[in-house]
Amino acid sequence: MKRMSLLSALLVGIVALIAFSGVGGASNMGNLVNKACSPCHSTKRICLNVGVKSEKAWVATVQRMVDAGAPLGADMVAPVASYLAGMAPGSGPVCD
Ligand code: HEC
């Protein structure tokens with residue numbers, strides 16, 4: 001019986017993990033940016049440019065970071081650039 005409830009707790013945990021790690025929602029995108037964009041410099045470097053760079057400029061920047069080794073798939077460059085271009089300055093989870 002105890003074994004059974006442990007197993008179902010594990011299952012619920014896995015399902016929750018999958019639900020929260022899926023790409024799509026704005027906060028998921030923010031978490032992705034936090035993860036992919038902080039190994040080399042602080043996200044402050046990004047936040048200084050939020051509300052400044054156009055989406056086109058962000059595409060160029062994100063592509064340059066990917067070329068430099070940012071762990072981001074090529075198919076995520078445009079979505080990340082669009083997320084950064086649309087982000088309100090000082091908003092989370094990247095810049096709060
Ligand atoms: C592999 C290391 C690395 C990763 C990962 C990385 N960067 Fe950078 N970033 C740099 C370096 C080095 C510079 C300074 C030189 C330059 O601007 O190219 C920089 C500078 C910047 C700048 C300031 C210069 C500018 O053009 O405005 C921004 C904004 C930036 N990074 C955004 C990002 C974003 C967004 C991500 C995630 C997609 C990211 N970085 C991930 C290495 C990295």
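**Ground rules.** I number residues from 1 along each chain as its sequence is written, and side-chain values use heavy atoms, with hydrogens and water left out. Since this is a predicted model, I keep local features only at pLDDT of at least 70 and side-chain atom pairs only at pLDDT 80 or more, while totals for chains, interfaces and linings use all residues.

**Overall fold.** I looked up the secondary structure and found five helices and zero strands. Helices here are DSSP runs of H or I with at least four residues, strands are runs of E with at least two, and both are numbered from the N terminus. The chain has 96 residues, and 25% of them count as buried (buried is under 20% relative accessible area, exposed is over 50%, partly exposed is in between, with a 1.4 Å probe and protein chains only).

**The iron atom.** Which residues coordinate the iron atom of the ligand? I found His41, through NE2, and Met65, through SD, at 2.0 to 2.3 Å. Donors are N, O and S atoms within 2.8 Å of the metal (3.2 Å for Na, K and Ca), and water is not among the atoms, so sites may look incomplete. The site has six donor atoms with angles of 84 to 179° and is octahedral. Six donors count as octahedral if opposite donors are over 155 degrees apart and all others between 65 and 115. I noted the ideal angles for six octahedral donors, 90 or 180 degrees.

**The two residues.** I located His41 in the loop between α2 (26-36) and α3 (44-47), and Met65 in helix α4 (residues 55-68), 24 residues apart.

**Around the ligand.** I counted 17 residues surrounding the ligand, and the closest are Cys37, Cys40, His41, Arg64 and Met65. A residue belongs here if one of its heavy atoms lies within 4 Å. Helix α4 gives the largest share of this shell, five residues.

**Polar atoms.** A side-chain N or O atom of Lys53 is 2.8 Å from an oxygen atom of the ligand. For Arg64, I found a polar side-chain atom 2.7 Å from an oxygen atom of the ligand.

**Ala88.** I placed Ala88 in the segment after α5 (77-86). Ala88 is partly exposed, with a relative accessible area of 42%. Its C-alpha atom is 7.3 Å from that of Val50, 38 residues apart along the chain.

Conventions: Tetrahedral: all angles 85-135°; square planar, octahedral: opposite > 155°, others 65-115°. Polar contact = N/O pair within 3.5 Å; in protein donor to acceptor, adjacent residues only side chain to side chain.
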